[in-house]
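Hi,

Here is the structure I promised to send over.

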Amino acid sequence: MAKAILYDTTKCTACRACQVACKGWNELPAEVTTNRGTYENPADLSPTTWLKMKFREIEPGGKVRWLFTRRSCMHCTDAGCVKVCPSKALYHHELGFVAYNKDLCTGCGYCIEACPFDVPRSDRNLLTGIAKMDKCTLCTTPGLDRIAEGWEPACVKTCPTNALQYDDRDKLVAEGRKRVDSLRDAGWANANLYGENELGGLHVMYVLDDHPSVYELPVNPQISAATVAWQDAIQPLGWAVGGLTVLGLGLNYMVARANINREKEKKDVAGS
Amino acid sequence: MTNHWIDIRNSDCIMIIGSNAAENHPISFKWVTKAMEKGAKLISVDPRFTRTSSKADIYAPMRSGCDIAFIGGMINYILNDMERNPGNYNMEYVTQYTNAALIINSNFEFDDGLFGEVKDGKYTTDAKNTWKYGDTKTPAADPTLKDPNCVFQLMKKHFSRYDADTVCNITGTPKDTYLQVCQTYTATGQKGKAGTIMYAMGTTQHTYGTQNIRGYAILQLLLANMGVSGGGINALRGTSNVQGSTDMCLLAHILPGYLNVPMESDADLDTYIKRSGKNPDATITPQGLAGDKSSNWWGNSKKYVVSLLKAWYGDSAQTANDFGFHYLPKCDPAKNYTHIGMFEAMGEGKIKGLWCWGQNPAVGGPNSNGEREALGNLDWLVSADIWLNETAEFWNRPGADAASINTEVFVLPAACSYEKEGSISNSGRWAQWRYKAVNPPGVALPDLEIMNLVMLKIKELYQADSSAPGREAVTNLVWNYGDVNADMVAREVNGYDLTTGKLAASFGSLKDDGTTSSGNWLYCNQYTEEDGNKCARRGAVDAHPKEIGLYSNWSWCWPVNRRIIYNRASVNLDGVPWDSEHPVILDYDSEKKWQGDVPDGGWAPINQAKEGEKYLPFIMKPEGIARIWGYGRVDGPLPEVYEPWESPLDRNLMSGTKTNPCAFIGKYRNERSTPSEYPYVGTTYRCTEHWQTGIMTRNLPWLVELMPEMYVEMDEVLAAEKGITAGDKVVVYNARGEVNAVAVVTKRFQPLQVGGKTIHHIGVLNHWGYSGMSTGDSGNILTPHVGDANTTIPEYKTFLCNVRRA
Amino acid sequence: MSQEVEKYSKPTRILHWVHLVSFCILFLTGLVLFIPQLGFLAQDSVTRVIHRIGAVVFIIAPLIYIPMNWQATKRGIKEAFSWGASDIGWLKAAPRYYFSGDEKDMPPQGSMNTGQRLWWLIVLVSGAIFTITGLIMWFAKTSAPAAVLQWMVFIHDVAFILAGTMLLLHIYLGLFHPLMNEAWKAIYKGNISAEYAKKHHAKWYEEVAKSKEVKS
């Protein structure tokens, strides 16, 4: 039974307790930041910031709106990162999340490039290329695994307004649809449940009162063509070509040796 | 809070004014959100569009300091609408449970912003007498509300000046938005509907802060929202235990349990009780209402004072010595003992020593430059805190000449809340017991242990010095804790029946003959022989028959575990709840018992009771009914619009009296900013990420990461005029000092049109100081040393300032 | 003793071996990323660091060789791109030859036969691709757009498949194929027997015989 997080932007007050709880539980150090003329901080996700709240001020029709959005791993079913991860450091948890075994990370960074949501981050030594990726594991990090204990993730646990809920994905889809219906009834014509179907269904779904683009979320996110061409075409082809080559060479070796030996014997017989 | 946090979920309309609950009381939004899920409307009134506003159905911008205009206009809207559509209101409640029908002294006059003659910043006694009922003991009532001298008609006349156009011209609120607020909130006046007001420091921190709250009280009473579930006036307390600290008398004008502080003129206990007005003689019995009996609960105050003296002085408190009443310090009525008054005296060199306990006035006090300088006049200063704070380091502040400061500073490292056991009382009056999670670091000690050690030493010193003034007040004080712990203090606070030695059951059992003790009568019943420490209860089942979220077996709340106070106003004269879905008390039955919450007095419904026993619902009032006309305040029986001490306008748009005539104006280093030099309205506030003076949060890297620097907020128009872009370093300054900060230029502040002028706000954070991990200038460098007429709470919320690029 | 001719100069042989070793390192450390079961070898970026060391050698070695052996380089590159009718004949006849050792129909070859030149061409082209895409992935990893980096991986991978399989063939023919013992000698010692040269690189042998005295 897949589990998921439902994030209801309409209930979120951006208190950022989730951001702090994430760092607290996952033992992530604080970053040194500056005020850049906004409440939003740190400036971006990083290996030590797996979850951050985005603040956006808009003024549609002269009415100010202050929008809050969660920036963290969306835990896709069709996860580009899992697809490209060469060492299977990233893998699908039995409950559907994109879990991560950091020990296995090679630092290749393919997941960073493959993520449609621009989530994974690593600190890379540009010269040596030494790197370790980090991202939200939905509190399944070995040793800090809340999910295995049957608990909700730290961000959900701390959310004061229930803007974050953790439950069976089916239940949350139903709950999310209900919220969307009530928002539509309240006049939010573009209300939608983001993540219900995107990328095979996300395990972090958003209740939005407006179009995803208003919240700067990718509309209809896709695994990139490069990922597909690479993983679904070239890699299998590579294995096939490689396999056939080895097979062909083996065959050649046996046939050629037999033939040449026969020729030799003939010569030897003829010569003796 | 008259109600409690969970009860917010039962509301039909929530008006958050003078509060930014989503940011400063994030947990409250659990219940706001629940209410909204069920269709409740949320109104946010604030000069700035906040995180609270972001969730609101209606956001009404309002110039800082204009609550009385805003609420006065709503009252006017209601009073007019009430006459046209009485069916939309609970007129039975308004007539029978408030003093709307009572006849006021016919000499009452209101003229040009004044309620009579003011001398030396005070209304004369003659003026104050005209505010009272025509008959002060047995006032007449006109339930038709037609008598021109009845409260209702006087109010109607007073607030008729508060029409929407006038109001919006003062507040800067767009008129259509304002009328939408009036309409939406007034809809809670219907029987069975409940609206709640959540407020905090945005309301109180004005020179007329008390009258702001009076405005809310009037509004709520006219809409029959007091005593009901989902209603009430809900003060969101600023720190987790500030409710407990006021309950326990951490204010200058009270003793524990809101008993009056004795004055020099109180020659003995009885004089004190008589002067305090909290005695049976003060009872007022309205004539012509359905109810005919006022319980005047404060009439019991002598029992509570005597029990308090027994708790403090034990066997040294006897009938013969007035139970040790003369041991208590007495106040000089000419002096102001509040924060501002204390620092004024300190500035004059009249105070020798200061003990700051979890208190950081160098950042938290108004006019920081002045207060920091005043600290240098002390001989000694003690700072008990979990971190080294700005007050303890005041001598080392930027610009100070440490060599010329002779104050000796002692720092006592204290345990934080997770390092000690005890109760905290939240805004909903719930005293919740908490346990120690970890030991305090190093030599840090829990406050209780620090206090115990200090007091034992003080007693020892007084014991040794037979000529010490007031020696017996100390030597006779019972201080027998030994290894002190919170449990023994909780028992002492609850009190004992001294004849049996058993814990007192409730304040109903306290006596004025010295046979009972109680450290705080309001908390009597928190610790009983049957149930033990009730604050530690963790019953997570809501036993209320309609499950309105009382959770009465979770912790304990004062008084006597009554979760919603004034709850006898939640039923009609026959005892039937106005709201059948969310009744508070219900089903008064043949066994003479109410179901539901602990009733405000268990008497029968008014219509079922015998003549002379028809108890009125507001038991703490001498007249038994709620005062929409509140003559107990020093600055008038009704709220009236005044400008803040520093106003961007040259006159009061409502009257010829510009500022509150009774406001407390400090004299020590309190320069006044003028609108010509400092044209912008400054206002201070907090953000979610930091706490008060920042001492608890500016030292936590995770929180510093979120809000790393002192910042100010301003609208885009002002920023453009000044050439400021988001992220720029700016200086905000006025006559009292200047503050360096990062500019947050935002759509969330908008220029307001007021009296033909464009008004810009500058929002200044009040968390930073020069100590700790994240340092910066304190917003209070800009705030003035002026205070509310009734409480002297500083006017932190409105002042004048200017801004430039750094 | 039969006569011998110098097939590869010493610098050329050194380049070959240095390049081969570095390519094998690159091949193996790259291959790890295709076999999840070997993922543990890549932990803490170990194989990726080795891959970079291999890459440095792979890029630097020819850069040192080329200016010092400019003529040979020119000749080699020319050869890589000189294709004619005999190559088609060779390709037609090659399967028979490699499976049965039957040499008839094999057209006479230059210093490199068609197969060797094909491999040589792949080395040149894939080497350039590896270098360009590799350097972009290395140094523009944090600055280039994700899509660019992803396509770089793709192209690097295509080159890897091509060059990797051909490398297997090359090693097989050089080390294991029953007929190819002298080719191994050529790149190992530099010399091959005149008899072998005549037989397998007739055109080249004639040229060499014309211009040089045959070593005895």
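This is a predicted model: local features need pLDDT of at least 70, side-chain atom pairs count only at pLDDT 80 or more; totals for chains, interfaces and linings use all residues.

Helix H8 (residues 164-171) of chain B packs against helix H9 (residues 175-186) of chain B at an angle of about 115 degrees, and their axes are 10 Å apart. The crossing of H8(B) past H9(B) is right-handed. If you want to find the spot on your screen, look for B:Ala164, B:Asp165, B:Val167 and B:Cys168 on the H8(B) side; they meet B:Lys175, B:Tyr178 and B:Leu179 in H9(B). By class, the residues of this contact are five nonpolar and two charged, with no polar ones.

Chain B is divided into domain 1 (5-91 + 148-239) and domain 2 (664-805), and the C-alpha centres of the two lie 26 Å apart. How many residues do the domains bring to their contact? Domain 1 of chain B puts in 23 residues and domain 2 of chain B puts in 30. On the domain 1 side, the elements that give two or more residues are helix H1 (21-24), H8, helix H10 (201-204) and helix H11 (209-222) of chain B. That side of domain 1 has six nonpolar, 14 polar and three charged residues.

Chain A has two domains as well: it is divided into domain 1 (3-78 + 136-215) and domain 2 (224-272). Their C-alpha centres lie 54 Å apart.

Now for how the chains meet. Between chain A and chain B, 26 residues of chain A are in contact with 29 residues of chain B. Which element gives the most to the chain A side? That is helix H1 (residues 17-26) of chain A, with four residues. Sorted by class, the chain A side that touches chain B has nine nonpolar, ten polar and seven charged residues.

There are two pairs of chains in contact, and of these chains A and C share the most contacts. What about chain B and chain C, then: how far apart are their nearest C-alpha atoms? These two chains do not touch, and the nearest C-alpha atoms are 24 Å apart.

Cheers

Methods. Residues are numbered from 1 along each chain as its sequence is written. Chains are lettered from A and ligands numbered from 1 in the order in which they are written. Axes are lines fitted to C-alpha atoms, for helices over the stretch in contact, and angles run from 0 to 180 degrees between N-to-C directions. A crossing is left-handed if the near helix is turned anticlockwise from the far one by less than a right angle, and right-handed if clockwise. Two residues are in contact if their C-beta atoms, placed from the backbone, lie within 7 Å. Ala, Val, Leu, Ile, Met, Phe, Trp, Tyr, Cys and Pro count as nonpolar, Asp, Glu, Lys and Arg as charged, and the others, Gly among them, as polar. Domain bounds come from an automatic or database domain assignment.
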